[in-house]
2 protein chains.
Amino acid sequence: MVKFSKKIEYSLIALRYIAGAKDEVITAKEISNKYNIPHELLAKILQKLKKENILSSNQGVNGGYKLSKPLNEISLSELIDKIEGKTAIVECLHTDNVSECFISDSCSIKDPINKMQIELENLLKTKMVSDFI
Amino acid sequence: MVKFSKKIEYSLIALRYIAGAKDEVITAKEISNKYNIPHELLAKILQKLKKENILSSNQGVNGGYKLSKPLNEISLSELIDKIEGKTAIVECLHTDNVSECFISDSCSIKDPINKMQIELENLLKTKMVSDFI
DNA sequence: TTTAAATACGACTATATTAGTCCAGTTTTA
DNA sequence: TAAAACTGGACTAATATAGTCGTATTTAAA
């Protein structure tokens, strides 16, 4: 329920590892070998991190990834949003289309849960990826 | 990823409703009708809440549920643990059996994630079910 | 200029979790 | 004794997560 997905775990492991390599580029294979992470899956994650401008990459032989910004500038909140897409802690908050919620106007808990969500997000915003090292 | 399950949502809705009824007992049916929650599912949840001593019940005609303690004595943390079972935000923290984790000793993020988990839990501990009303 | 090592991308499958259903009890009151 | 409620377990369905496969593209080096 309040749980990190493998994607987030693998992201943290990879980002930490890449950060430790300073300017060297690091391949997906190196990380997946070292930590027993399925290669194809990790590759997808790194590609996503690249698209989201957290990593930059070189293709071809001797290619690989490096950080495009320091880890203390990436919050856990940002990482989660970018890897998994923005999600709400309850579905009815996920969309403006309130009419889709068949509990709708009799729903009594939306506002307080919304506040809860904001507090959770704020906590995740204060945690930088660099804290996980 | 950081998201309440339907069980938690339904629990909050139900607890709120039951609390509003003061000393009257409330049936699962009444709540499921009012909020369009599947009856069998809600019934299960209320039974669980009873087993966990959050609700008490009377069987038979005119039976139903009532609170066995005030909502400001039930934290969100407690509710989640009791409804869903204690969970860890990453799997490797869930068990002492570290050997099952095939990343194991090369795993670099366990400690910091553990701290994160504690902070999340602390936040959930400060939120009482009564705050969701 | 060809080969090998790497990223890039999309479709697919498998597994796990969550949500919901069904059915057969038991208890209690009118 | 019938109806309204809780009790409990097994089952199915739906969704989300995790992981795989195949193919294309880029690039450095032999």
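Me: By class, how do the residues of the surface near DNA strand C divide, and what makes a residue nonpolar, polar or charged?
Reply: The surface near DNA strand C has seven nonpolar, eleven polar and seven charged residues. Ala, Val, Leu, Ile, Met, Phe, Trp, Tyr, Cys and Pro count as nonpolar, Asp, Glu, Lys and Arg as charged, and the others, Gly among them, as polar. This is a predicted model, in which local features need pLDDT of at least 70, side-chain atom pairs count only at pLDDT 80 or more, and totals for chains, interfaces and linings use all residues. Residues are numbered from 1 along each chain as its sequence is written, chains are lettered from A and ligands numbered from 1 in the order in which they are written, and side-chain values use heavy atoms, with hydrogens and water left out.

Me: Which residues come nearest to DNA strand C?
Reply: Of the 25 residues around DNA strand C, the nearest are Lys44(A), Lys50(A), Ser57(A), Tyr65(A) and Lys6(B). A residue is near a strand if one of its heavy atoms lies within 4 Å of it. Sugar or phosphate holds 63% of the atoms of DNA strand C within 4 Å of the protein, and bases hold the rest.

Me: Why is the pair between Gln59(B) and DNA strand C called a polar contact?
Reply: A polar side-chain atom of Gln59(B) lies 3.3 Å from a base oxygen of DNA strand C. A polar contact is a pair of N or O atoms within 3.5 Å (within protein, one must be able to donate a hydrogen and the other to accept it, and residues adjacent in sequence count only if both atoms are side-chain atoms), so this pair qualifies.

Me: What makes β1(B) and β2(B) a pair?
Reply: Two strands pair if DSSP finds at least two bridges between them. Four bridges join β1(B) to β2(B), so the two pair, and they run antiparallel. Ser57(B) has Tyr65(B) as its bridge partner in β2(B). Five residues lie between the two strands of this hairpin, and Gly60(B) in the turn has a positive phi of about 80°.

Me: Which residues come nearest to DNA strand D?
Reply: Among the 27 residues around DNA strand D, Lys6(A), Lys44(A), Lys44(B), Ser57(B) and Tyr65(B) come nearest. Of the atoms of DNA strand D that come within 4 Å of the protein, 62% belong to sugar and phosphate.
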